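Open the model in your viewer and keep the selection panel at hand. This tour goes from stop to stop, saying what to select and what is there.

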4 protein chains.
Amino acid sequence: MIQWPGNNRMALLLTFDFDAESVWLARDPENAGRLGVLSQGLYGARRAVPKLLELLDAEKLPATFFIPGWVAEHHTDRCKEVRDAGYEIGHHGYSHGWADAARPQAECDDFDRGTEALDRFLGVRPVGYRPPGAEITRNTLTMLTDRGMLYNSNMLDDVYPYRHVLPDGRQGPIELPTHWSIGDANYTWNSIRHPKVIQTSEHIFTIWKDEFDAHYEWGALFNLVLHPQMIGRPSRVALLRRFIDYVRGFDGVWIATCADVAAHIASLDTKG
Amino acid sequence: MIQWPGNNRMALLLTFDFDAESVWLARDPENAGRLGVLSQGLYGARRAVPKLLELLDAEKLPATFFIPGWVAEHHTDRCKEVRDAGYEIGHHGYSHGWADAARPQAECDDFDRGTEALDRFLGVRPVGYRPPGAEITRNTLTMLTDRGMLYNSNMLDDVYPYRHVLPDGRQGPIELPTHWSIGDANYTWNSIRHPKVIQTSEHIFTIWKDEFDAHYEWGALFNLVLHPQMIGRPSRVALLRRFIDYVRGFDGVWIATCADVAAHIASLDTKG
Amino acid sequence: MIQWPGNNRMALLLTFDFDAESVWLARDPENAGRLGVLSQGLYGARRAVPKLLELLDAEKLPATFFIPGWVAEHHTDRCKEVRDAGYEIGHHGYSHGWADAARPQAECDDFDRGTEALDRFLGVRPVGYRPPGAEITRNTLTMLTDRGMLYNSNMLDDVYPYRHVLPDGRQGPIELPTHWSIGDANYTWNSIRHPKVIQTSEHIFTIWKDEFDAHYEWGALFNLVLHPQMIGRPSRVALLRRFIDYVRGFDGVWIATCADVAAHIASLDTKG
Amino acid sequence: MIQWPGNNRMALLLTFDFDAESVWLARDPENAGRLGVLSQGLYGARRAVPKLLELLDAEKLPATFFIPGWVAEHHTDRCKEVRDAGYEIGHHGYSHGWADAARPQAECDDFDRGTEALDRFLGVRPVGYRPPGAEITRNTLTMLTDRGMLYNSNMLDDVYPYRHVLPDGRQGPIELPTHWSIGDANYTWNSIRHPKVIQTSEHIFTIWKDEFDAHYEWGALFNLVLHPQMIGRPSRVALLRRFIDYVRGFDGVWIATCADVAAHIASLDTKG
């Protein structure tokens with residue numbers, strides 16, 4: 001369905017939503033006083049990102065880190081390590097709050113505050129956006145278009161990238177869709193107030209593998225959505241390494257950043 | 001317990017509840033503004049149904065698609081593809097709302113609106129009904145009888161089809177029962193507000209296989225309840241293909257539409 | 001820890017909580033109008049119990065059925081089949097309501113109504129009780145003692161049977177303890193309003209097997225708590241058969257009714 | 001990252017939160033009247049701890065038991081067995097209530113009441129603390145520092161121990177971090193009001209094993225958090241034995257008490 005560059009028959013994105021504590025603070029303001037709850041997020045900044053950078057470097061792989069402005073502000077040095085290692089940094093809002101369709105201005109404000117923080121603390125101007133919690137409103141797409149964003153990445157409605165069209169007929173951003181099954185959150189997210197059974201690495205690998213095999217057959221975009229605080233636990237860095245090894249056994253897999261894939265899709269538009 | 005046609009010792013139904021966005025809209029009106037949530041449903045219409053039609057066609061298998069009126073209205077072309085490929089189209093309400101025993105008229109209104117939409121947009125007059133969410137009231141059976149429906153399909157009270165008898169003694173529709181374990185929803189339904197751990201294809205296959213083996217032994221009706229937005233994910237189309245392959249290894253399995261099975265059961269009544 | 005009869009080194013109870021619709025009605029009165037929800041319970045009466053009786057008969061195994069008075073009243077013929085096949089019938093309340101520590105009289109009333117229904121409809125006077133939902137109050141034990149009940153079965157505080165002692169020093173009933181892990185409910189209970197992922201038979205078998213092995217080593221009481229509406233699904237009758245086969249591979253397992261085990265424990269008391 | 005004593009390349013802690021009924025009472029005061037719910041906790045005191053002491057003794061392993069004051073008061077003899085067998089006894093509050101950031105005095109009061117109970121009933125003065133429910137506030141660390149506690153153990157923010165630094169610059173306790181995945185609660189905790197699917201021992205072992213392998217590679221601290229009422233079920237004592245066997249296959253694993261590891265880390269500080 002998609003003409004991938006070169007002889008590639010599918011594309012694969014390694015994406016990391018580097019949320020740190022922001023994801024916990026945004027869901028429940030009371031978490032600000034709960035150091036134990038926050039510590040799960042802090043793990044991402046303190047321990048997980050360095051381990052993941054080490055793995056990516058050893059494997060010489062491109063990747064995209066979606067970073068909320070709050071994280072750029074509170075974990076600036078760690079974010080600079082990501083930037084300086086050459087990985088794409090994407091937009092992930094400021095506060096990691098979920099967009100509320102009833103309050104479009106609040107969504108824009110949080111977005112703009114995120115843009116400003118990424119610029120101020122990291123000197124980075126991202127070209128793509130991942131809406132926190134995969135919560136997207138009609139406003140989201142207009143907002144991204146007005147701000148010239150190249151891509152959005154969190155819709156679940158396809159396995160091939162496509163270009164959004166706004167209600168007024170304008171061309172919107174490129175969409176890089178994904179699905180809950182090809183990520184880490186569904187299998188590993190747990191807190192004492194919202195307990196969920198943690199799954200084995202074998203469970204997670206099997207689903208990723210089955211999805212990868214089918215994506216390969218379909219020539220689709222495999223958009224792996226990871227969170228350092230989850231995938232960065234010791235056994236799961238090994239899981240990610242195992243999955244990368246598996247993928248490397250296939251010819252014709254274009255492993256790229258979100259920006260590169262989006263630019264490629266945009267270029268097909270132009271040709272088409 | 002049932003005399004199946006020919007030398008068959010059991011029957012198998014492949015059924016698809018083609019809900020698209022309606023299932024999300026009906027459960028929470030706020031979802032209307034949440035494009036990310038809706039996108040999971042949209043996947044069913046955009047990508048899953050074509051892939052499933054391809055599989056069914058390659059396998060030359062009959063199937064029944066239960067389509068809410070809302071979906072016939074909003075995804076008319078996709079529904080026509082289902083119709084034109086010759087699959088049975090069953091009734092699935094208009095809005096995919098759950099029947100409320102306290103509001104029988106609302107249930108009838110939604111049903112009638114669904115009938116009208118299926119007729120107007122698809123020119124189809126279904127002979128059977130699958131109540132959304134397996135929510136069935138005493139009114140449901142009277143409603144179906146008054147409208148001359150041949151069958152209902154969502155009760156969990158048996159593994160053999162049977163004829164409903166109304167409180168007033170009238171004969172109601174044929175029931176084609178099923179169970180949560182032989183479907184996809186229990187293992188795959190997930191949303192950020194109601195997270196549930198997504199299961200491996202192996203998990204799902206194993207339960208279907210164990211149930212199939214036992215249904216075969218019992219001579220029962222295996223009523224597989226699938227949802228394009230769930231079973232149509234890449235790895236799960238492969239799962240369904242694997243299950244079909246497994247079933248094909250058995251002699252004496254009557255794979256049929258709901259309408260055909262219901263008509264057969266009705267004919268036994270007449271003979272009996 | 002326990003001197004089992006003969007050369008036995010452990011005891012095993014096959015117990016069936018034959019709740020039918022009562023378990024759904026008791027948890028939510030609105031379920032009275034939800035035929036789909038109730039149909040899961042109805043399966044127990046219509047299809048599961050006959051299949052389970054068939055299995056028990058083929059295996060020549062003793063078993064105990066705990067039957068709420070409501071079920072004796074509404075599924076009288078099915079209950080008589082259980083009784084006439086010679087299985088022990090235990091007390092399971094009337095309505096399957098959970099005991100409320102704040103309303104001891106309500107607990108007694110429901111219990112007495114259950115006693116009356118079992119007597120009236122089945123002519124049975126049970127000697128033991130299983131509190132619905134494993135909800136037990138301080139009143140429960142006094143209530144059972146006052147009524148001369150031999151045993152109670154639902155505490156989770158041991159793997160060996162023991163005699164309760166009341167706060168006033170009186171001897172209470174024998175306890176036949178169990179645990180959620182050695183039953184079917186935890187792995188299979190599911191409804192659309194409280195969805196839970198259904199587990200494979202392999203998952204369930206593995207836990208039962210691991211627990212059985214350890215109970216065998218410990219010389220303990222393995223009190224298997226099953227529900228016809230759950231364990232009676234086609235694949236799960238096969239699961240139970242598989243587990244019975246497994247158990248039969250061991251020497252020294254006393255498979256008995258609850259009444260027999262309780263009487264044995266009581267006799268040790270007397271000797272001791 | 002850490003210089004472990006001798007030739008060890010990692011450290012492993014076997015820790016048991018001996019909560020008995022307190023964990024149920026603290027979460028819902030109504031549980032005081034629910035003997036069935038409490039019985040799961042009682043199992044820990046009555047049956048599990050003796051079985052675990054037997055295993056630890058057979059394996060000649062050090063371990064740390066975190067005991068709420070309430071448990072020292074209500075299960076004094078059992079706690080004395082733990083103490084007399086030479087295991088470290090750590091602080092686990094009095095009531096097992098979760099710390100509330102808005103009520104620091106209540107947190108201190110519960111802590112001090114726990115200290116007093118451990119002293120009065122057991123004659124023990126613990127040097128380390130495990131905050132119930134991994135709920136930690138800013139007050140927690142000040143409270144521990146003011147009371148001269150050597151260590152805290154429940155943060156999720158690292159896999160290496162470290163020293164806390166208070167906001168005012170004072171050195172706080174050593175942290176012995178852990179994670180939900182390397183414990184028993186996430187996989188086994190279940191109650192009828194908050195049901196969660198119980199996992200197989202294989203599931204649990206696999207995650208512990210994968211984590212252990214990675215901790216070994218990283219030279220990290222593997223802080224296994226167990227609860228007698230959960231890990232003490234028959235099949236799970238076997239699981240723990242299996243895991244210990246697995247660990248024993250590795251050279252260079254320092255199995256120690258929390259106090260010993262914390263003292264070691266503190267000594268590195270001094271040297272450093």
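**Stop 1: chains A and B**

Select chain A and chain B. Together they bury about 2,900 Å², and carbon and sulfur atoms supply 59% of that area. Keep in mind that this is a predicted model. The contact involves 35 residues of chain A and 30 residues of chain B.

Which residues of chain A lose the most area to chain B? Pick Asp157(A), His179(A) and Trp218(A). Together these three account for 20% of what the chain A side buries.

Now look for charges. Four salt bridges cross the interface of chain A and chain B. To see a salt bridge between these chains, show the side chains of Arg193(B) and Glu135(A). They meet at 2.8 Å, N to O.

Next, color the helices of chain A. Helix 6 (138-146), helix 7 (185-188) and helix 8 (201-218) of chain A each give two or more residues to the side that touches chain B. Helix 8 of chain A provides the largest share, nine residues. You get 17 nonpolar, ten polar and eight charged residues.

**Stop 2: inside chain B**

Show the side chains of Arg248(B) and Glu59(B). They form a salt bridge, 3.3 Å from N to O. What does this pair tie together? Arg248(B) sits in helix 10 (residues 234-248) of chain B and Glu59(B) in helix 2 (residues 35-59) of chain B, so the bridge links parts that are 189 residues apart in sequence. Over all chains, a search of the whole structure finds 64 salt bridges.

**Stop 3: chains B and C**

Bring in chain C. Here 30 residues of chain C are in contact with 35 residues of chain B. The buried area between chain C and chain B is about 2,900 Å², with 59% from carbon and sulfur atoms. On the chain C side, select Leu35(C), Ile192(C) and Arg233(C). These lose the most area to chain B, together 21% of what that side buries.

How many salt bridges cross the interface of chain C and chain B? The rule finds four. Zoom to Asp158(B) and Arg47(C), whose side chains meet in a salt bridge of 2.6 Å, N to O. Between chain C and chain B, twelve residue pairs are in polar contact, both at pLDDT 80 or more.

Which elements of chain C give two or more residues to the side that touches chain B? Select helix 2 (35-59) and helix 10 (234-248) of chain C. Helix 2 of chain C gives the largest share of that side, ten residues. By class, the side of chain C that touches chain B has eleven nonpolar, ten polar and nine charged residues.

**Stop 4**

Select helix 8 (residues 201-218) of chain C and helix 10 (residues 234-248) of chain D. Their axes come within 7 Å and cross at roughly 95°. That makes the two helices, helix 8 of chain C and helix 10 of chain D, roughly perpendicular.

Show the side chains at the crossing. From helix 8 of chain C, the residues in contact include Asp210(C), Glu211(C) and Trp218(C). From helix 10 of chain D, they include Pro234(D), Arg236(D) and Arg241(D). The contact has four nonpolar, two polar and five charged residues.

**Stop 5**

Finish with two gaps. Select chain A and chain C: no contact joins them, and their closest C-alpha atoms lie 11 Å apart. Then select chain B and chain D. These do not touch either, and their nearest C-alpha atoms are 11 Å apart.

How values were computed
Residues are numbered from 1 along each chain as its sequence is written. Chains are lettered from A and ligands numbered from 1 in the order in which they are written. This is a predicted model: local features need pLDDT of at least 70, side-chain atom pairs count only at pLDDT 80 or more; totals for chains, interfaces and linings use all residues. Side-chain values use heavy atoms; hydrogens and water are left out. Contact means heavy atoms within 4.5 Å. Buried area is the accessible area (1.4 Å probe) that two parts lose on being put together, summed over both. A polar contact is a pair of N or O atoms within 3.5 Å; within protein, one must be able to donate a hydrogen and the other to accept it, and residues adjacent in sequence count only if both atoms are side-chain atoms. Helices (H or I, at least four residues) and strands (E, at least two) are DSSP runs, numbered from the N terminus. Ala, Val, Leu, Ile, Met, Phe, Trp, Tyr, Cys and Pro count as nonpolar, Asp, Glu, Lys and Arg as charged, and the others, Gly among them, as polar. Axes are lines fitted to C-alpha atoms, for helices over the stretch in contact, and angles run from 0 to 180 degrees between N-to-C directions. Angles under 35 degrees count as roughly parallel, over 145 as roughly antiparallel, 65 to 115 as roughly perpendicular and the rest as oblique.
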